[in-house]
Amino acid sequence: MDLHLKNLFGRFQDQFGSGPGLGPGSGVCLMKVEGISSNIIQSIFRASASLYRSEPWKRLRPGHLFGVRVGKDSDWSGKRQPFQCVQFIGGDGGDIAIYMYRSMSYALKMIDDSWEMARVPNVEVFRVTYELESLMFPSNRRMVKSLSLEVSGTDRFPVIDVARCMTSGELQFRSPTLEELRLVFAVMKALSLVHPLLRQEEKQVRGSPRMIKFSPFIETVDVQWPSEMGKGHDFVAVTVSHPPGQSYEQKSKKTAMAREDDELEIVSGMINLRVGQGAEVSLRQCTMCEKAVNRDESVCCSHCRATIYCSSDCEKRHWREMHRSVCSLYEAMMSREEELKIKIFTFSCYAENPCEWLGSLGIHKKGMWRRQCCCYSHQPFGLLQCFSTDAQSESWGGLKDGDYPQDLPIQNLNNGRSLGMILMSDWSDYYDLRCLPRSSPVSDILCYPLTLYHILTSVSTHSKNLLLKGKEVTVHYLGPERELDWIKAFAEINHLLNGLGTVQIIMIGPEVPSDLSGTIATTSTTNSRVKVNFVKGLYQDEVAYLTSPDIIVALNCDLDGYSSWAGAVETVNNMGIPGFFTDKTEEACGNAKAVLRNAGLNISHPVAPNPFRSPVRSCAKSSNLPCYGNGFILGVNT
């Protein structure tokens, strides 16, 4: 009977197909691969489940092709990576799978004009097909149960095989080699990290309303090999590009036709920088000579609009010496201006002049807002004069009740909400949870504690699991400055934990005042689960005397800007603890990546916009790049 149903189902598929793709997985079982071990199979199933959880099929269709490069060609037996092009199958119906091809040309041959699959003779396709357990072959079901393999979603497991189309139109299947399984492990881990970073373009693909058009993209992440796959190397660099063939020099495809005379075009195309009409004239800094220049007298690159100069001479010199190679990259960063704006708020979200911005909201030189401009820069961090009263309203600069979060347990404010850690995806979730009006500017300060909370509960799996088990997470918080005067704002972490787990934050840095060093502060007046310790000094000098961390963070760190970071970064590398860094611009994060890589660290969490960045755009000294407090996150050792 089973054989009869199998043949009937096979004839049905031959006649009607199973949606885009080459049909369900074959009967190939990984247990039969030469040299395989149970640990390798378990690692592959975990990577497969991780990719499935990231839900790439929500946006990606067979027409979206990706180039992948894993390590160097010399790492592979044939001195060439066996499969180099990836395709997602099943986003618009049919079997859910990823297909890998030996080249982009083979992938294009297998896709006809309607984006359906064509069976081209002698083309090999490496397939990872997510099948319902009930439809898997018995040998694969036995393998899943005997090895307790991780499920993808609620009821699917990967079936991995290599299919070859024959001249007769039939498919011939073989088992993957051990080397090919190493490749697909690295590819799946990298894809799960980078595909969410794809940015949608407004102009969509003609004749294919279901297929989203994405901006050209390239990103490199470091994937950690499991011990059973390592071959002497802990990490491998995986570069993912869309469309295939992208290079970092070509990251933006919006570049106009080639310049016949670069320098002539630069001079003729120079434009005056006009930002924030009506504001006081503010000083910027020339990218080339670092000379201070008034905003109204500055010029910027006419192509990318990002870099600022004091004169045409500096612009021409910078173009010849450096800017020519990165202009298109800066243009791509500038193209994300609209995407990075957080548009839910009704207060002004542009602060070219911080004093004016604060004054427009009635909070200039008040409460915690005193650290958001230079008026109190003469006062050491952590030592702003306290108020005569401890009222929350005064800490928040006199904002009226209801415009700032109350220092009260959330279940007291939201009837029916039970105990348990609260997960949020963005500012909209937080403001709704706290019943705050969209006119309240508190997100500009709260971007520090909520970025830390986001890292602990959403970005870092390790710390999230500790908190869910009700355990304590120890955070080494490097390089605090204005946060030292905002400890009351960190009470929000206490309330969002909502009765589950505890957090010990150890703030370490040279800006910690001697009067604070060695003291402990509680963030809340009501049953605080968050305590803050203060330690003055450089991290590399003090870390041996501190409680071992579960996670290391540095917010708005500017790793490339201070030589004192070198010792701290080396310490992070030696410890092997998960570390997360934020900065204000994509350029600063790119520089941070270089610093971390030079220290031997691998970027395991790629640069991505922080959903809890400050919504208030500020001005970088020498560029017009989108600039937000804690704007972007990257991570190591994750």
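This dialogue examines how the terms applied to a predicted model follow from its computed values.

Tutor: In this predicted model, local features need pLDDT of at least 70 and side-chain atom pairs count only at pLDDT 80 or more, while totals for chains, interfaces and linings use all residues. Residues are numbered from 1 along each chain as its sequence is written, and side-chain values use heavy atoms, with hydrogens and water left out.

Student: Why is E492 called buried?

Tutor: Buried means under 20% relative accessible area, exposed over 50%, and partly exposed in between, with a 1.4 Å probe and protein chains only. E492 has a relative accessible area of 4%, and therefore counts as buried. This residue belongs to helix α15, residues 491–497; helices (H or I, at least four residues) and strands (E, at least two) are DSSP runs, numbered from the N terminus.

Student: What makes the pairing of E492 and Y430 a polar contact?

Tutor: A polar contact is a pair of N or O atoms within 3.5 Å; within protein, one must be able to donate a hydrogen and the other to accept it, and residues adjacent in sequence count only if both atoms are side-chain atoms. The side chains of E492 and Y430 are joined by such a contact at 2.6 Å. With contact meaning heavy atoms within 4.5 Å, and neighbours within four places in sequence set aside, E492 also meets P405, Q406, R434, L446 and L450.

Student: Is D75 buried, exposed or partly exposed, and why?

Tutor: The relative accessible area of D75 is 34%, so this residue is partly exposed. D75 sits in the loop between β1 (65–70) and β2 (85–89), where its side chain reaches the backbone nitrogen of K72 at 2.9 Å.

Student: Why does P626 count as buried?

Tutor: P626 has 4% relative accessibility, and so it counts as buried. P626 is found in the loop between β20 and β21 (632–636). Its contacts, not counting residues up to four places away in sequence, include M333, M334 and K584. P626 and M333 are 293 residues apart along the chain, yet their C-alpha atoms are separated by 7.7 Å.

Student: How do you know that the length of helix α5 agrees with its number of residues?

Tutor: The expected span of a helix is 1.5 Å times one less than its number of residues. Because α5 has 17 residues (178–194), it should span 24 Å, and its end C-alpha atoms are 25 Å apart, which agrees. Helix α5 is mostly covered, with 14 of its 17 residues buried.

Student: What makes a space a cavity, and how many cavities of 30 Å³ or more are there?

Tutor: On a 1 Å grid over the protein atoms alone, a cavity is a set of points where a 1.4 Å probe fits but cannot get out; a pocket is an open set with protein on both sides within 12 Å along at least five of seven lines, and lining residues have an atom within 4 Å of a point. The count by this rule is 1 cavity. The volume of the largest cavity is about 30 Å³, and β5 gives the largest share of its lining, 3 residues.

Student: Which residues lie nearest the centre of the second largest pocket?

Tutor: They are S50, L193, V459, T461 and H605, out of 42 lining residues. Helix α5 is among the elements that give two or more residues to this lining. The space in this pocket is about 1700 Å³.

Methods:
Points joined across faces, edges and corners; volume = space filled by probe spheres on them.
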